[in-house]
Amino acid sequence: MKINVFGDNISALVCAGCLAETGNHVVLVGHRDNEHSEPNLTKLLDTQIDAGRLNISSAFDIETEYQIISFDPEQCEEGKRIALSLSKGHNPDRCIIIRSNFTMGTTKTIEKLAKTPCIVNPDFASEGRAIQDFRRPDRIIIGHRTPETLTQFKRLFAPFNRNQNVMIEMSPESAELTKYATNAMLATRISLMNELAEASESLGADIEEVRQGIGADQRIGTSYLYAGIGFGGTHFAKDLYRIHNLINPSGSKEGLLDAVIRINDQQKEALFRKAWQHFDCHLEDKIITLWGISYKPNSTSIEGAPSLELIKAFLNQGSILQIFDPMLDADFTMWMRENLSLEQQKRVHIATDMYEATQNSDALCLVTEWQAFLSLDLEQLKAKMRTPLILDGRNLYDKTWLNDNQFTYYGIGR
Amino acid sequence: MIHTHAYAMLQPLAESMKAQHLKELFAQDSERFKPFHLEKEGLLFDFSKQKINTEIIDELLNLATEQQLDTWIERLFNGDKINHTENRAAWHTALRDVSSPNPEVAKQWRKMESLVNQVHQKQFRGYSGKPILDIINIGVGGSDLGPLMVTHALDKDKHEHAPDVHFVSTLDAQQLHKLLKRLDPATTLFVVASKSFATIDTLSLADTAKEWIEAHAPNQEVVMNHFVGISTNPTKMSKWGILLRHQLIFWEWVGGRFSLWSTIGFSIALRLGMQGYNDMLAGAHAMDQHFKQTPFKQNIPVLLGLIGVWNTNFLNLSAQAILPYDSRLKYFASYLEQLEMESNGKRTKRDGTAITYRTCPILWGEVGPNAQHAFYQLLHQGTERVMSDFILFSQGVSQPDRDRDRENYHHNLNIANCLAQSRAMMSGDANEDLHKDYPGDQVSNTLLLKKLDAYHLGMLVALYEHKVFVQSVIWDINPFDQWGVELGKKLAVDIFEHIKAQSVDDLDSSTANLLKNIWKQRHEN
């Protein structure tokens with residue numbers, strides 16, 4: 001089958017690569033600037049280009065059967081422009097698929113411009129595992145209006161629906177809202193867990209134990225139940241703000257998502273607050289180590305990452321930072337230049353080794369749960385750190401073991 | 001004043017002017033507005049609805065010259081110690097001299113800016129590490145009214161990251177307790193503003209605030225993260241516990257009622273941002289330049305002051321109403337009450353001899369449209385002759401989320417009411433039925449400003465400050481001391497001791513019996 005995929009983001013690149021992989025002829029109408037942060041994406045694209053199934057171009061054929069719009073949410077106008085040019089086509093079998101997370105109602109506008117019904121197929125893949133999520137999705141949401149387009153869509157996505165049927169049919173409007181609602185639900189779970197974590201601390205409970213207890217309830221389940229230092233990421237937080245704006249005028253106006261966002265924002269500074277309280281509000285000249293800058297492991301993305309809030313908070317109190325992240329890239333340097341004064345930038349030291357970053361340190365903050373941080377070399381830490389203090393933002397470590405080894409340990413909610 | 005040549009010339013002029021009705025002056029000259037208004041960028045001063053003519057204005061200007069107003073203005077701006085009873089300068093103009101900043105003043109601006117930025121960037125932390133979200137300004141008199149008046153007036157222009165700012169001043173602590181009940185101690189910062197850092201009103205409230213933080217903070221060491229001090233006395237601030245980095249300074253030469261231009265304006269800067277605070281200073285500075293450099297005949301504060309003197313001492317008017325036609329200026333009249341009455345409400349000349357003429361009239365006021373339903377009855381039909389200042393803004397409030405037509409409608413209604421009231425007071429309306437007869441002949445000024453923003457408000461406040469100064473020179477008063485407020489403070493200490501001892505010995509019978517009744521009632525259900 002012949003397909004045009006419009007867009008430059010990871011979602012577009014993965015979609016183009018995976019559809020080429022299943023034997024289609026795909027033209028990616030965009031470029032390949034953004035693939036570096038997604039594991040295995042470069043390899044996938046190179047392989048498909050070499051096999052001749054994937055082309056990258058700025059030109060496209062409006063008569064192509066499948067037209068997949070996969071722009072960023074902000075590129076709504078681009079989407080409309082493409083729809084307008086597609087309206088000039090004559091292919092009666094064309095199928096326009098919108099995978100972009102546009103503002104609610106945009107589908108209708110695009111359908112009007114393109115003069116044809118569209119399919120809404122929201123992308124639920126998470127950053128860092130986008131390819132496997134595309135190949136083996138746990139659900140394929142299909143928002144459609146006509147049986148013809150539905151059949152066409154199912155044909156195209158059949159290779160990804162083989163083990164069991166994960167396709168769910170609904171109206172385009174429901175599909176649009178499902179995408180938003182999913183993120184809102186997940187975010188709400190996380191913020192609720194963080195709220196419970198704070199309560200655990202003052203009540204002498206351990207949120208890890210509480211988590212296992214409630215996760216065992218089948219109605220609740222275990223995923224997205226981790227208390228931590230807040231969620232970040234390009235899409236998650238952004239979508240949350242968008243759905244917040246969306247349901248605010250039409251919902252109960254009780255501000256549930258407001259609270260979810262506020263709790264999350266506060267949570268990003270949780271480790272700072274623990275250090276601040278530990279040192280009785282005196283953090284000037286303290287050397288603070290941060291392990292992990294990206295908002296999640298195996299990603300270079302720092303957008304909305306808790307580490308950035310911690311860096312600002314510590315620097316504003318006069319601390320010196322020693323940081324280590326396995327995949328730190330130019331985005332971080334750029335962020336520093338845009339958000340920190342020159343004097344503050346001088347107090348940030350980027351280490352090339354995780355233990356080097358703990359030299360003379362007064363506190364080690366575990367921020368992102370990269371695999372390399374899972375097991376601690378306590379002897380090395382003890383030898384290097386000035387104050388044996390560990391602030392565990394992901395509840396990775398065994399607090400008893402650390403206490404037995406004369407470390408002061410603070411987790412989240414324990 | 002009364003021994004000047006001009007005074008002698010003005011007296012007969014007053015007699016003939018008293019016999020004339022204000023509306024006749026307009027009837028005699030259809031272009032009366034022209035000679036009796038002044039303009040400066042952003043401000044128009046219409047004094048055509050005053051019972052004056054050019055001859056009177058000329059003699060008033062002569063009076064100013066005879067009283068050596070020019071020398072006094074020079075001394076004011078030079079920072080001479082013209083507050084001679086306290087041996088201090090009254091150099092508030094130096095606080096806002098944005099064209100050639102005083103280095104000491106500029107140093108405090110920088111410190112203030114750094115604290116303001118910390119709060120706005122949510123990096124000013126309380127004991128828990130959470131950022132400060134609420135500010136409680138504890139201060140009385142000048143340390144309260146100025147910031148309260150300005151922050152209320154300019155709330156629309158608040159900084160996007162501004163914290164909520166609350167003001168407490170009354171020593172019964174009712175305002176404070178109400179706030180403590182609903183605010184989170186972890187995210188509340190107290191700004192303790194006191195010139196001497198010894199005023200019982202302020203310190204008693206600050207102590208209550210400190211106890212509240214102590215009750216919630218994990219230990220004593222972290223309590224002072226919740227206090228910023230503003231005073232002329234760093235030693236006393238340190239003794240009370242204010243951290244050095246949280247101390248903002250001003251100087252003996254800043255009078256309390258002129259202190260909003262100093263670091264006392266910290267709450268203003270927190271609410272408006274440094275840009276807003278600087279705009280306010282710039283507006284005041286523009287008025288300073290105008291006052292200092294403009295010939296008296298075109299000088300707005302000089303004329304505003306002289307007309308007040310004319311009304312008080314020659315036409316025998318007994319009160320001054322302040323009538324802003326903008327609800328954002330809710331506290332403006334209260335602010336002027338202190339500025340004018342604490343400055344010129346005096347009966348002693350600079351040389352220590354008694355004054356034999358009238359000085360500062362009773363001043364009061366209210367937002368115009370509200371006052372229309374309150375005391376305008378008295379203005380229109382009462383027996384008291386009153387002078388009024390109408391304050392109006394050409395541009396109304398414009399908010400992007402509001403309906404533009406409705407905004408215009410309301411603003412035009414407001415303008416119409418303001419102009420109608422001053423016109424009605426001027427012309428009156430004769431009626432055979434005395435119940436419906438309006439005598440008119442009530443004089444007024446109208447101050448028309450372009451819009452209500454930090455710049456224009458700064459200009460307006462400085463205008464009144466200089467008006468007060470002009471009048472003090474004519475009346476030969478030191479406007480910068482306030483000995484009149486001391487006796488009450490002293491007696492309060494004495495009565496407080498009586499209350500503690502539950503004794504009425506040596507008290508007069510009224511005070512003694514009031515106390516006895518209070519004690520009795522306090523033990524009743």
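A:Ile98, A:Ser100, A:Asn101, A:Phe102, A:Thr107, A:Val120, A:Pro122, A:Ala175, A:Glu176, A:Lys179 and A:Tyr180 form the lining of the largest cavity. On a 1 Å grid over the protein atoms alone, a cavity is a set of points where a 1.4 Å probe fits but cannot get out, and lining residues have an atom within 4 Å of a point.

This is a predicted model, in which local features need pLDDT of at least 70, side-chain atom pairs count only at pLDDT 80 or more, and totals for chains, interfaces and linings use all residues. Residues are numbered from 1 along each chain as its sequence is written, chains are lettered from A and ligands numbered from 1 in the order in which they are written, and side-chain values use heavy atoms, without hydrogens and water.

**Cavities**

The structure has five cavities of 30 Å³ or more. A volume here is the space filled by probe spheres set on the grid points, which are joined across faces, edges and corners. The largest cavity lies between domain 1 (2–170) and domain 2 (171–267) of chain A, because both give residues to its lining; the domain bounds come from an automatic or database domain assignment. Helix α7 (residues 172–203) of chain A gives the most to this lining, with four residues. Helices are DSSP runs (H or I, at least four residues) numbered from the N terminus.

The second largest cavity is lined by residues of chain B, including B:Trp109, B:Trp251, B:Trp261 and B:Tyr277. Its main contributor is helix α6 (residues 103–120) of chain B, with three residues.

| Cavity | Volume | Lining by class |
|---|---|---|
| Largest cavity | about 80 Å³ | six nonpolar, three polar, two charged residues |
| Second largest cavity | about 40 Å³ | eight nonpolar, three polar, no charged residues |

In these classes Ala, Val, Leu, Ile, Met, Phe, Trp, Tyr, Cys and Pro count as nonpolar, Asp, Glu, Lys and Arg as charged, and the others, Gly among them, as polar.

**The second largest pocket**

A pocket is an open set of points with protein on both sides within 12 Å along at least five of seven lines. The second largest pocket has a volume of about 1300 Å³. Its lining has 48 residues, and B:Val140, B:Thr199, B:Asp201, B:Val485 and B:Lys489 lie nearest its centre. By class, 20 of the lining residues are nonpolar, 17 polar and eleven charged.

In chain B, α7 (142–153), α9 (200–216), α13 (332–344) and α18 (486–501) each supply at least two residues of this pocket lining. The largest share, eight residues, comes from α18(B). Domain 2 (92–275) and domain 3 (485–522) of chain B each give at least three residues to the lining of the second largest pocket.
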